[in-house]
Amino acid sequence: MSSIDNPVTPSPWAPPRLSMRWWPVFLRNLLVWRKLAVPSLVGNIAEPLMWLVAFGYGMGALVGQVNMATPQGNMAVPYILFLASGSICMSAMNAATFEALYSAFSRMHVQKTWDGIMNAPVSLDDVVLAEMLWAAFKSLFTVTAILGVMLALGISHSPKLLLAWPVLWLTGITFSCIALVFNALAKGYDFFTYYFTLFLTPMMFLSGVFFPREQLPEVVQHLSSGLPLTHAVALVRPLFMDQWPQGALGHLLVLAGYGAVAFWIALALTRRRFSR
């Protein structure tokens, strides 16, 4: 029997086969989202701003300042500044996660939008790439609005905040890739509860968003040092304080590594799902 009669099915773990055909898929998501841009923006920024106001100003009045270790020595930082610099990373994580889970799952499984797109000369790899970049864009759009409010409140006026945008965009990419792994495994929306309960929520409290990680037991500190949100906070918080982050290259490589590995896994699992 010839190889033509018995074609070899490509491995789902084969390297990504990407092209610029992701752009029409991205543009399609953008055009659909424009109809709901205002309520989507309000929904994405309302919760983090409520966290900021309630904890930053409410608890901040009780806490006052937080002592942080910096290259210049220990520094007393207003709690509102400490919280704002961590919560904007959390907002990037949440915005990318929600888009790459609920919205992507609706397009993939419920609405069958992906099937319709792939009737055109667009591969599944390009669709997954477009979904990842779209979720990262939504995340960046959300944190830009939140950052504007923080600047208006006078929380920080550091010119180094301009460098926070690419870091937050990379954070959005990383968490959208991780979320697409769970999107590929999900049978329904309820499955995402495991991801939020067992992974995202503990990470928010272990990554130094609400309090310094030095307050944690030493074993937990070592555990939290491997979490992607920890590295995002370590990059963004010094920029709020008008300082340069220590070990910036290492933190960037960890975030990029998480994103690259997660994207490959998400793509392989999605290929396997669509091959059934």
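## Helices H3 and H9

H3 passes H9 in a right-handed crossing. The model is predicted. Helix H3 covers residues 79-110 and helix H9 covers residues 228-240; the two pack at an angle of about 135 degrees, and their axes are 9 Å apart. That angle makes H3 oblique to H9, because an angle counts as roughly antiparallel when it is over 145 degrees and as roughly perpendicular from 65 to 115.

On the H3 side the contact is made by Leu81, Phe82, Ala84, Ser85, Gly86, Ile88, Cys89, Met90 and Met93, and on the H9 side by Leu229, Ala232, Val233, Val236, Arg237 and Phe240. Sorted by class, the contact of H3 with H9 holds twelve nonpolar, two polar and one charged residues.

## Alanine 96 in H3

Alanine 96 is also part of helix H3. With a relative accessible area of 0%, alanine 96 is buried, since the cut-off for buried is under 20%.

Leaving aside residues up to four places away in sequence, alanine 96 touches Ala135, Ser139, Gly172, Phe175 and Ser176. The C-alpha atom of alanine 96 is separated by 6.6 Å from that of lysine 138, although the two residues are 42 residues apart along the chain.

Helix H5, residues 124-152, has 29 residues. From its first C-alpha to its last, H5 reaches 42 Å, close to the 42 Å expected at 1.5 Å a residue. Glycine 154 follows H5 and has a positive phi, near 75 degrees.

Helix H1 (residues 22-34) and H5 have axes that come within 8 Å and cross at roughly 45 degrees. That makes H1 oblique to H5, and H1 passes H5 in a right-handed crossing. The H1 residues in the contact are Trp22, Val25, Phe26, Asn29, Leu30 and Trp33. The H5 residues are Asp126, Val127, Leu129, Ala130, Glu131, Leu133, Trp134, Phe137, Lys138 and Phe141. The class count for the contact of H1 with H5 is twelve nonpolar, one polar and three charged residues.

## Helices H6 and H7

Helix H6 runs over residues 164-185 and helix H7 over residues 192-206. Their axes lie 10 Å apart, and the helices pack at an angle of about 150 degrees. That makes H6 roughly antiparallel to H7, because the cut-off for this class is over 145 degrees. The crossing of H6 and H7 is right-handed.

H6 contributes Phe175, Ile178, Ala179, Phe182 and Asn183, which meet Phe192, Tyr195, Phe199, Leu200 and Met203 in H7. Nine of the residues in the contact of H6 with H7 are nonpolar, one is polar and none is charged. Phe175 is one of the residues that alanine 96 touches.

## Helix H10

H10 has 27 residues and spans 39 Å from its first C-alpha to its last, close to the 39 Å expected at 1.5 Å a residue. The buried residues of H10 are His251, Leu255, Gly259, Ala262, Phe263, Ala266, Leu267, Ala268, Leu269, Thr270, Arg271 and Arg273.

The helices that the buried residues of H10 pack against are H3, H4, H5, H6 and H9.

## Loop residues

Lysine 112 sits in the loop between H3 and helix H4 (113-117). The phi of lysine 112 is near 60 degrees, a positive value in a residue other than glycine. Lysine 112 has a relative accessibility of 47% and so counts as partly exposed. Aspartate 242 is in the loop between H9 and helix H10 (248-274). Aspartate 242 likewise has a positive phi near 60 degrees and is not a glycine. At 39% relative accessibility, aspartate 242 counts as partly exposed.

Proline 159 is found in the loop between H5 and H6. The relative accessible area of proline 159 is 61%, so this residue is exposed; the cut-off is over 50%. Between proline 159 and lysine 112 there are 45 Å in space, C-alpha to C-alpha, and the two are 47 residues apart in sequence.

Methods
Residues are numbered from 1 along each chain as its sequence is written. This is a predicted model: local features need pLDDT of at least 70, side-chain atom pairs count only at pLDDT 80 or more; totals for chains, interfaces and linings use all residues. Side-chain values use heavy atoms; hydrogens and water are left out. Axes are lines fitted to C-alpha atoms, for helices over the stretch in contact, and angles run from 0 to 180 degrees between N-to-C directions. Helices (H or I, at least four residues) and strands (E, at least two) are DSSP runs, numbered from the N terminus. Angles under 35 degrees count as roughly parallel, over 145 as roughly antiparallel, 65 to 115 as roughly perpendicular and the rest as oblique. A crossing is left-handed if the near helix is turned anticlockwise from the far one by less than a right angle, and right-handed if clockwise. Contact means heavy atoms within 4.5 Å. Ala, Val, Leu, Ile, Met, Phe, Trp, Tyr, Cys and Pro count as nonpolar, Asp, Glu, Lys and Arg as charged, and the others, Gly among them, as polar. The expected span of a helix is 1.5 Å times one less than its number of residues. Buried means under 20% relative accessible area, exposed over 50%, partly exposed in between (1.4 Å probe, protein chains only).
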